[in-house]
Structures are given as structure tokens and as C-alpha cells.
Amino acid sequence: MTENVVVLGAGYAGAGAINKLQSELGGNARLTWIADVDYHLVLHESHRVIRDPNVRSDITFPVEDIADPSTRFIQDEVTGLDVDEQVVELADSDDVDYDYVLVGLGSQTAYYGIPGLEDHSLTLKSLDDALEIHEAVKDASQAATRGEPAQVVIGGAGLSGIQTAGEIAEFRDNHRAPIEIHLVEALEEIFPGNDPEVQQALRDLLEEAGVRIHTDDPITEAKADVIEFDEGEPLEHDVLVWTGGITGRDAMDGVDLENEHNRVNTEANFQTSDERVFAIGDSAIIDQGDQPAPPTAQAAWQAAEVAGENISRAIENRPLKTWEYNDKGTVVSVGEKAVAHDVQMLPVDTFGGFPAKNLKKMIAARWIADITSWNVARKSWSSL
């Protein structure tokens with residue numbers, strides 16, 4: 001019997017899994033890909049669009065460039081998953097039956113119950129989000145003066161927050177725009193949970209770019225033009241961007257699977273509490289022993305390769321592979337500059353300059369080549 005395999009999401013997890021499944025399944029299954037957009041976005045480069053919207057054509061790739069002709073694609077919003085009936089529920093299309101489904105829907109922004117934050121902030125989870133931030137920053141800067149510059153506040157000094165601040169600084173410099181940029185972090189240091197050496201290197205680049213850093217004081221309330229802190233003075237804003245956390249997608253709310261805040265719990269083989277449902281990427285909390293795999297692009301790329309193979313193995317009643325996350329290092333951009341840390345097979349722990357900048361470009365190019373071709377990746381190089 002031919003099995004119906006369905007993949008949900010067009011992010012790193014979904015696109016990577018489709019790429020692997022197409023090579024694994026052959027004619028043994030019907031493959032359906034469902035996503036709410038008809039392209040894959042290289043999300044870890046989406047901050048580039050904040051500075052220059054023209055970059056989007058180099059970091060978005062149509063599904064037809066990734067999917068084989070035999071792969072059925074449906075553009076629609078996933079609204080639910082009925083594991084008893086084995087159907088994917090969609091907003092505007094008929095339900096889709098599955099024998100096996102891979103959930104790779106990504107995440108949405110968590111606001112941690114902070115009053116007013118969702119209503120008064122922008123987020124960076126999609127191409128449209130990046131374009132909206134660009135327009136908001138542009139409009140605020142055009143309405144400002146040198147005497148009263150536009151106040152742009154980024155909440156959350158993790159990877160997305162740091163890179164967003166860097167791109168807004170580049171926009172400011174390129175357009176000689178009257179903008180003051182503030183990066184706000186509730187914990188004691190930016191890039192929380194990472195080595196102090198890389199934290200300091202990133203702080204140095206941000207301060208060199210004129211970004212004002214506020215740490216060790218959580219936001220308690222956001223209003224239309226000001227944010228309140230637990231201890232410090234209020235901070236006025238013309239644009240507020242929130243990058244402070246993730247939670248699972250609403251589509252997984254109420255789904256009969258073990259989960260935490262709509263992120264599905266899986267074993268290290270990506271199998272959930274239902275053996276017909278697999279999950280990877282930000283949609284999943286993947287068992288790795290002491291702590292789950294991180295919700296990063298790097299982890300999703302690695303997981304997609306094994307998850308695709310494991311679905312093929314499940315169809316053929318073969319043992320599933322166990323996946324172990326391999327941290328190959330971290331590279332973070334601050335505008336045109338970058339910092340690399342703990343990169344495998346390199347003798348230096350933390351470095352910047354041209355080597356770090358080029359390494360970050362190469363990582364993105366390698367991913368683009370994996371899902372499309374090296375020729376396509378070369379065309380995107382200047383925007384990465």
C-alpha cells in the first residue's frame with residue numbers, strides 16, 4: 001500500500017525534510033507539503049531585509065525550486081491536527097489525510113504575559129515582519145529631527161535582537177537618519193547563556209555601532225509610546241521590536257500529543273507520543289538527555305536529514321535512527337560585521353573581522369545550495 005506522508009511548514013525543518021524525503025521515499029509514498037507561504041525564507045538572514053527590502057529576492061526561494069514535480073504542494077494555514085482521524089486541518093482547503101506527518105511549523109513569539117507587549121511591538125518571525133520593521137523605522141526616522149531623533153527599542157538581546165539592532169544601525173548610517181537605538185535585555189548580559197568572551201565581543205560591536213545597551217532590568221509593561229521597567233526609568237519608543245522568546249504555534253493547541261506550550265515533545269528519533277507523528281525544529285522539544293536540542297536553524301538543518309530518513313524507515317518497519325545534536329559553533333552578525341565563536345576545527349575560540357563575516361555568508365550559502373543549487377547560492381552571495 002502506498003503511504004501518504006505529509007510535511008507541515010516551509011522553514012528550515014520543513015524544507016530540509018522535504019529535500020531528504022524526496023530522495024528517500026522514491027515511489028514508495030505520496031508526499032504532500034503544506035505551508036502558509038509558497039517560498040522558503042532563510043530566516044537567519046531575514047534581518048538583512050530591515051536595512052534593505054531588495055535583499056528579499058536573494059533569501060527567499062519558491063517551493064517549486066525545492067519540491068520535485070511529484071511532490072504535491074498546498075499553500076494554506078494549518079489550523080489543527082487530528083491524530084485519531086489522521087488528518088491535517090486547514091483554514092481554506094479540505095482536510096488532508098496522512099499515514100505519517102512531520103510537524104515543522106516553527107514557532108511564534110512569546111510575550112510572557114507582559115501587559116501591552118503584544119499590542120505595541122513588532123516581531124521578526126517572517127519576511128512580512130522584516131518588511132514591516134523596515135517601514136516602521138523608515139517612517140519614524142522621516143518624522144524625526146536631529147534634535148529629537150526617532151527612538152527604536154529592541155526587546156530581547158538574543159541572536160535575533162542583536163542582529164536586528166545591527167541592521168537598524170546600518171540603515172541609520174546609510175541614510176544618515178536621526179535614530180537612537182536601544183537594546184533591552186532582562187538578564188545580566190546580552191546573548192544570555194553564552195560564553196563571556198563572545199558576549200563581550202558582541203557588546204563591543206554593538207557599542208561601536210552606537211547601540212545603547214540596557215541589561216538586568218525586565219520590561220513590566222509596554223504602552224503605545226513607552227515601556228516600563230521593574231526598576232529603571234521608563235524608555236520612550238517610536239518603534240518597539242520584541243524578539244524575546246518563542247512558543248509553539250496556535251495550530252498545535254489542543255492537539256492530542258505530549259507538548260509544552262504547544263511545542264511537541266519527541267524522542268531523539270523525532271517520534272512523538274503518537275508513532276505516526278514526527279516533529280522537528282522550533283515546533284518540537286527534542287530529547288537530548290540533560291537538555292533538549294536548541295531551537296536554532298543549525299539544529300533544524302541537522303534534524304531534518306535524520307527525520308526524513310526515519311519516516312522512510314518507519315514505513316519500511318526498520319529501526320529508527322537516534323539523532324544527537326552537534327553544535328558546530330555560532331556566528332552572529334552586527335550589520336556588516338560579525339563575531340564567530342567555538343567553531344569546530346578552528347584553533348581560536350572567538351574571532352571577528354573578514355573571516356567571521358565570510359563564514360556567516362558561507363553557512364547561509366551552503367544551506368541555499370543544499371535545498372536548491374550552488375548556482376543559486378552564488379547569486380545570493382552579495383546579500384548574505
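User: Is Thr 164 buried or exposed?

Analyst: Buried means under 20% relative accessible area, exposed over 50%, and partly exposed in between (1.4 Å probe, protein chains only). Thr 164 has a relative accessible area of 0%, so this residue is buried. This is a predicted model: local features need pLDDT of at least 70, side-chain atom pairs count only at pLDDT 80 or more, and totals for chains, interfaces and linings use all residues. Residues are numbered from 1 along each chain as its sequence is written, and side-chain values use heavy atoms, leaving out hydrogens and water.

User: Which residues does Thr 164 touch?

Analyst: A contact means heavy atoms within 4.5 Å. Leaving aside residues up to four places away in sequence, Thr 164 touches His 47, Ile 50, Leu 124, Ile 154 and Val 241. Thr 164 itself sits in helix 6 (residues 159-175); helices (H or I, at least four residues) and strands (E, at least two) are DSSP runs, numbered from the N terminus.

User: Which way do the side chains of strand 1 point?

Analyst: In a regular strand the side chains alternate between the two faces of the sheet. Here Glu 3, Val 5 and Val 7 point one way, Asn 4, Val 6 and Leu 8 the other, and all are buried. With six of its six residues buried, strand 1 (residues 3-8) is therefore largely enclosed by the rest of the structure.

User: Which strands pair with strand 1?

Analyst: Two strands pair if DSSP finds at least two bridges between them. Strand 1 pairs in the parallel sense with strand 2 (residues 29-35) over six bridges, and Ala 29 is the bridge partner of Glu 3. Strand 1 also pairs in the parallel sense with strand 9 (residues 100-103), over four bridges, where Val 6 stands opposite Val 101.
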